[in-house]
Structures are given as C-alpha cells and as structure tokens.
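Here are my notes on the model you sent over. Have it open while you read, and tell me where you disagree.

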Amino acid sequence: MSRQVVLWRHGRTEWNVAGRVQGQSDTPLDEVGHQQAREAAARLATLKPYRILSSDLQRARDTASYLGAISGVEVELDERFRELNFGAREGLTWREAWDQMPEGMQAWVDGDETQIPGSETHVEAGERFAAGLEAALPSLPADAVLVVVAHGAVLRTGVCSFLGIPRAHWGTFGALNNCAWSVLEETPWRPDTRWRLTEWNAGTLPVPVMSDEE
C-alpha cells in the first residue's frame, strides 16, 4: 500500500441548505452536519489516519474533531486549507449576488474573478491549498494516511493545482457533497506521475483496484 491523502469536506450547514455562499465566513455545522460528520468519521477512522489537518474555520474544525476523537489523533489547524474567499458574495444566494453586483457576476461567469470586491481567485486558493499539502507530505511515513478536512471549492481547486491539472480543465471536476471525500494515492513506481486521484466525491472507503494497468 502507498501513502494516501484523504480530502474530506465538512458537514452540512444552514447556509448550505439556503444556498448562501460561505467562503471564509465562519458558519457552524447544523444538526444534520454533525450527524454526517459522526457517521463519516466512524468509517474514515478504520483507515487509521497518521495525521489530521483541518481548515481553522468552525465547520471544518468541528467535522475533523469527530475523527480526531475516534482515532485518537490530534487535529492540527492550518489556515491554508480555508475555503476560497468569495469577498462581497459571502452570505448571498446566487440570485442576490446577481441583483447586487450584476457586472461583477457577469465578469466572474466570463472568467474574470477579480471583479468581486474582496475575493480571491480559484487559482490563488488552489495554490495556497497545494502549498499546505506539499508542506505536510514530508512528515508522512510510508503507507501512512493523511486526512485533510476542508471545503468544497478549495478542495477542488487544491487537488487540481497539486496534481498540475491545467486550469482550463478544472471545471470538469464536479462539486463535492457535504462530508464526502476524495483520495490521492502516491505512485512512486510510475515514471509519469507521483500522485494520482483514485476517489472523487466518495462516501465509501477506498479499496484496492484490480486493473490491467497496474
């Protein structure tokens, strides 16, 4: 078995239900979100994580705490795993954002993410997430599992940035469900890539792949 990184999205919040952009606003889990985190943590604990890193925002921190309690591993907080900063859009629904800043939203849809006041771009968020992940990997022993608890947008952009996927293809990765996870696996025996994505938006534990490519 190779080293693995499990990238776990936080549980549900009231803003998720209402369709409000959270970004770096520090919203808590709702009752369903706590239950999602408890149930997912029980499954992920069977992987025996070596380290648990988390965004310092409450919804991610509280999700990570369930896994830390079950596995006996201390949760380490790192602000590099915070959600993308959506600036003036935070707290607004899609319709409200269009009503309040139509020109900025049109620019955002057209690919210019600099016209929403106070926001960062997907590339900026992806790069800081990837930097946090790169910094954690040297401490991860052979065959160990690292769990990173974060947020939907920054997990998607962070994975793409870390794997070197061209920006033009980031949109082909679908959104992540609350408390779903994705898995990166190290492949040091392959000359073409060191890490690859083996699970995306999953709710079941990774199992060995039986493939003619291996």
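1. Ground rules. This is a predicted model, in which local features need pLDDT of at least 70 and side-chain atom pairs count only at pLDDT 80 or more, while totals for chains, interfaces and linings use all residues. Numbering starts from 1 along each chain as its sequence is written, and side-chain values use heavy atoms, with hydrogens and water left out.

2. The sheet. I'd start with the open sheet, where 6 strands run in the order S3-S2-S4-S1-S5-S6 with mixed pairing. At the edges sit strand S3 (75-77) and strand S6 (195-202), each pairing on one side only. Neighbouring strands are turned by 20° against each other on average, direction ignored. Strands here are DSSP runs of E with at least two residues, helices are runs of H or I with at least four, and both are numbered from the N terminus. Two strands pair if DSSP finds at least two bridges between them.

3. One pairing up close. Strand S2 (residues 51-54) pairs with strand S4 (residues 145-150) in the parallel sense, over 4 bridges. Arginine 51 stands opposite leucine 146 in S4.

4. Helices on the sheet. Helix H6 (residues 122-136) lies across S1, S2, S4 and strand S5 (181-186), running at about 155° to S4. Helix H7 (residues 152-163) packs on the sheet too, touching S1, S4, S5 and S6, and its direction makes about 160° with that of S6. Angles run from 0 to 180 degrees between N-to-C directions, with axes fitted to C-alpha atoms, for helices over the stretch in contact. Contact means heavy atoms within 4.5 Å.

5. Salt bridges. There are 9 salt bridges in the structure, each a side-chain nitrogen of Lys or Arg within 4 Å of a carboxyl oxygen of Asp or Glu. Arginine 12 and aspartate 30 meet in one, at 2.8 Å from N to O. Arginine 12 is in the loop between strand S1 (4-9) and helix H1 (14-18), and aspartate 30 in the loop between H1 and helix H2 (31-44), so this pair ties together parts 18 residues apart in sequence. Aspartate 30 is buried at 10% relative accessible area, whereas arginine 12 is partly exposed at 27%. The cut-offs are under 20% for buried, over 50% for exposed and in between for partly exposed (1.4 Å probe, protein chains only).

6. A longer link. Glutamate 96 and arginine 20 form another salt bridge, at 2.7 Å from N to O. This pair joins distant parts of the chain, with glutamate 96 in helix H4 (residues 94-100) and arginine 20 in the loop between H1 and H2, 76 residues apart.

7. The arginine I'd look at. Leaving aside neighbours within four places in sequence, its contacts include Trp94, Met105 and Trp108.

8. Helix H5. Gly104, Met105 and Ala107 are buried in helix H5 (residues 102-109). Seen down the axis, the buried residues of H5 fall within an arc of 160°, so they line one face; the arc is that of directions from the helix axis to the C-beta atoms. H4 is included in what covers them. Glycine 111 follows H5, with a positive phi near 110°.
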